[in-house]
Amino acid sequence: MICFLTLLSVVVKVTQNFKISFSSDKRMAFSLWHKLIFALVIIAAVIIGQLIVNRTCSFQVAAVVFRIQMIGLIQTGMFLLSRLIIWRTFVPLVRQLSPQCSTSAIHQNDSEFSRSQLRKVKNSDLNLSAMNKDEADHVSVTIGKAVLFIYLCMCHVSYLTNLFLIHTDPHWISMLTYASFGSYIQLLTGLGMFKLLSLGICACQKLRSSSNPWVLSYRHITALALVYAIAASTVGLYTASQPPAVKHVTVKLKDLPSRLDGLSIVQLSDIHLGPTVGKSKLTKIVEIVNTEKPDIVVVTGDLVDSSVEHLRGAAEPLKDIHSLYGKFFVTGNHEYYTGDVDNWFVYLRSLGFTILHNSNVRIPSADGHSHICLAGTDDIQADRTRYDGHKFDLDKAVSSCSSDKPVILLAHQPHAAKMALDSKYRIDLVLSGHTHGGQMFPMIIGAYFLNPFYVGLYQYGNRGSQVYVSPGTQYWGIPMRIATSMEITRITLHKAI
């Protein structure tokens, strides 16, 4: 409901721009206050709604409501950015580029003939010519506004495809709207970067007391932002369309049994089956995994973005993964957003997976002495959504592991990895995902600073513990990868000397 109301507000507000002029300073101030109040109301509704849900609703409802609230917040932010930045940047540009506005007289006066005025002077050839130019100008501006409006609508409805357009393989509308959303982010990024560049140039010139200052004009900034957005989006779309590469990582573990020296683990993470990732991409991933002939395959969360009912066919290729000692799965935060985790457990078991639901296994299981302990925890999102029977329970997951044997923990989020490594238990290696490496610029900045481990292999603490964070095997939603990569990680274990 929040998402729908936000989208409706976008439609109403943008449509009003075809009819209403906001030239009055007073009216513009009122409009700004209206948007800020609207945003505050949405945020308050989310907070109050979450309190009510936590007290009264079941865990399935709480999971779904939590996701809707997040979408509502994102849509609110997008609405403000669309109205205050995108619309105000490009609509004036459309007017400046229109035929009549290019003439000096109209540019100076910024006036239009009304129909009544035109009728009074209809016998004047000069005024008839002006009328034709005026009508052509009006049509071109209207077309420009319409194109911009449709583009913004596609960006805003991208999230709705998670609810209505989940198929075995992605629907073209899902791909189009999420690609538009990705270009929207890059457009905002470009505008911000080149505006900062312009301010930096001005500051440098003031410090040098330049007599002939050069600055980036409004048109220069907009044009550069457009070029950047198109180039970055094109590269991002191409990168995301390619199969993930296999990355080889060597990890040395203390007390690793000699017979397990060289053990290979293939890690998959953040596949995000859903509106823009489907069966075709997963089939290719499975083929690549099988060519590696791994000893163990692990999926460290965020496999799906919808229910078993919608994604059963898309996930089916997972049954074809082959490994010597088995394939294992732990939940990520997105599994809990689906509200269908237990059904996914049942279905994944039918595909041959062992679910590490705050539990562990010995590998190899046949030998009671020469083994490692492979453990897995539920994602910490389970605690936030109060998902019944699920929580991040490290005690249950690793307490039965031997203290003189290597322990490898699967934990989706780097924050969970840090919690585990700071605990009293022996944990030699944690395999995580979640960050996507930020997936695309500029979100890589937030991913770097908001997570204790970003991407790659880390040494942690005095006990020789290590963490490997996968940048993800696919992507979430937006079919782009900009300044980041997708990978299937092959980890080879060796005994530390």
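Helix axes are taken here as lines fitted to C-alpha atoms over the stretch in contact, and the angle between two of them runs from 0 to 180 degrees between N-to-C directions. In this predicted model, the axes of helix α8 (residues 172-208) and helix α9 (residues 218-241) come within 8 Å and cross at roughly 140°. Because angles over 145 degrees count as roughly antiparallel, α8 is classed as oblique to α9. The points below take up this helix pair, the loop residues T276 and H171, and helix α13.

**The pairing of α8 and α9**

- The crossing of α8 and α9 is right-handed, and on the α8 side the contact is made by A179, G182, S183, Q186, L187, T189, G190, L191, M193, F194, K195 and S198.
- On the α9 side, the contributing residues are I221, T222, L224, A225, L226, Y228, A229, A232, S233 and L237.
- By residue class, the contact of α8 with α9 divides into 13 nonpolar, 8 polar and 1 charged.
- S198, which is found in helix α8, has a relative accessible area of 5% and is therefore buried.
- When residues up to four places away in sequence are not counted, S198 touches L216 and I221, and I221 is itself listed among the α9 residues of the helix contact.

**T276 in the loop between β2 and α10**

- T276 is placed in the loop between β2 (264-268) and α10 (279-291), and it counts as buried because its relative accessibility is 1%.
- A polar atom of the T276 side chain lies 2.6 Å from the backbone oxygen of G477.
- Leaving aside neighbours within four places in sequence, T276 is in contact with P170, S174, M175, Y178, K281, Y475 and G477.

**H171 in the loop between α7 and α8**

- H171 is found in the loop between α7 (161-164) and α8, and with a relative accessible area of 23% this residue is partly exposed, since buried would require a value under 20%.
- Not counting residues up to four places away in sequence, H171 touches L165 and P275.
- H171 and G278 are 107 residues apart in sequence, whereas their C-alpha atoms are 9.5 Å apart in space.

- Within helix α13 (residues 341-350), the residues V341, W344, F345, Y347 and L348 are buried.
- The elements that cover these buried residues of α13 include α11 (308-315), β4 (327-330), α12 (333-338) and β5 (353-355).
- α13 is followed by G352, a residue whose phi is positive, near 100°.

Technical notes: Residues numbered from 1 in each chain as written. Predicted model: local features only at pLDDT ≥ 70, side-chain atom pairs only at ≥ 80, totals over all residues. Heavy atoms only, no water. Helix = DSSP H or I, 4+ residues; strand = E, 2+ residues; numbered from the N terminus. Parallel < 35°, antiparallel > 145°, perpendicular 65-115°, else oblique. Left-handed = near helix turned anticlockwise from the far one by under 90°. Contact = heavy atoms within 4.5 Å. Nonpolar A, V, L, I, M, F, W, Y, C, P; charged D, E, K, R; others polar. Buried < 20%, exposed > 50% of the residue type's maximum accessible area, 1.4 Å probe, protein only. Polar contact = N/O pair within 3.5 Å; in protein donor to acceptor, adjacent residues only side chain to side chain.
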